Amino acid sequence: TVSFGLADWNKQNYKLPDSTRYGSGSASLPIYFRLERAVSDNISIAASLAYDVFHYNYSREGYTNGVLFYRPNTDKVTIISPGLQVFYHFNKLIPVRNLDVSVGLGFAANYLKHSNYPTSDTLSNVIKPDVTLTARLAARYYINKHASAFVDIGYDKMSLFSLGASFRFFDKHKQ
């Protein structure tokens, strides 16, 4: 599956210290890659990788000869988030032809890198690692037996929902 996230969680929750004036962030769409393998008729395991990058512009306070001024700065934020999820597919409970609805739980290891992150009195390159629990409700609508439109919604500390496409390389009935 390849999809693009909307409602960027990291950009929406970008925090600056009080000594800065809030600016604006560049446009960004997190991109998701997911490789999923069925382990039974209803359960699959997925390895995922999400990537996001955006720039956040802000101004820092400074004083020269007792005069307050604001110096513009830009922080480039890069997020790489590998993860592992388990999905339960509702194919037997929702018998709609060409529709695959699933719910997934798992975790993601988020690595946030700031190029110019402001702290109370300095700027620094910062890497902030954390582990996040993920929960996603996903749906695929198969256009043919190998390609489908994909949508999901939920929490993974990257985006609220994503849209994309899924491709099936192996038909479980021919193996």
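The lining of the largest cavity draws at least two residues from each of β3 (31–38), β4 (43–64), β5 (67–89), β7 and β8 (147–155), strands being DSSP runs of E with at least two residues and helices runs of H or I with at least four, numbered from the N terminus. The model is predicted, local features requiring pLDDT of at least 70 and side-chain atom pairs pLDDT 80 or more, while totals for chains, interfaces and linings use all residues. Residues are numbered from 1 along each chain as its sequence is written, and side-chain values use heavy atoms, without hydrogens and water.

A cavity is a set of points, on a 1 Å grid over the protein atoms alone, where a 1.4 Å probe fits but cannot get out; a pocket is an open set with protein on both sides within 12 Å along at least five of seven lines, and lining residues have an atom within 4 Å of a point. Grid points are joined across faces, edges and corners, and a volume is the space filled by probe spheres set on the points. One cavity of 30 Å³ or more was found. The largest cavity holds about 190 Å³. Its lining comprises 18 residues, with Tyr32, Arg34, Ser48, Gln85 and Asp156 nearest the centre. Seven of the lining residues are nonpolar, seven polar and four charged (nonpolar: Ala, Val, Leu, Ile, Met, Phe, Trp, Tyr, Cys and Pro; charged: Asp, Glu, Lys and Arg; polar: the others, Gly among them).

Two or more residues each come from α1 (9–12), β6 (99–118) and β7 (123–142).
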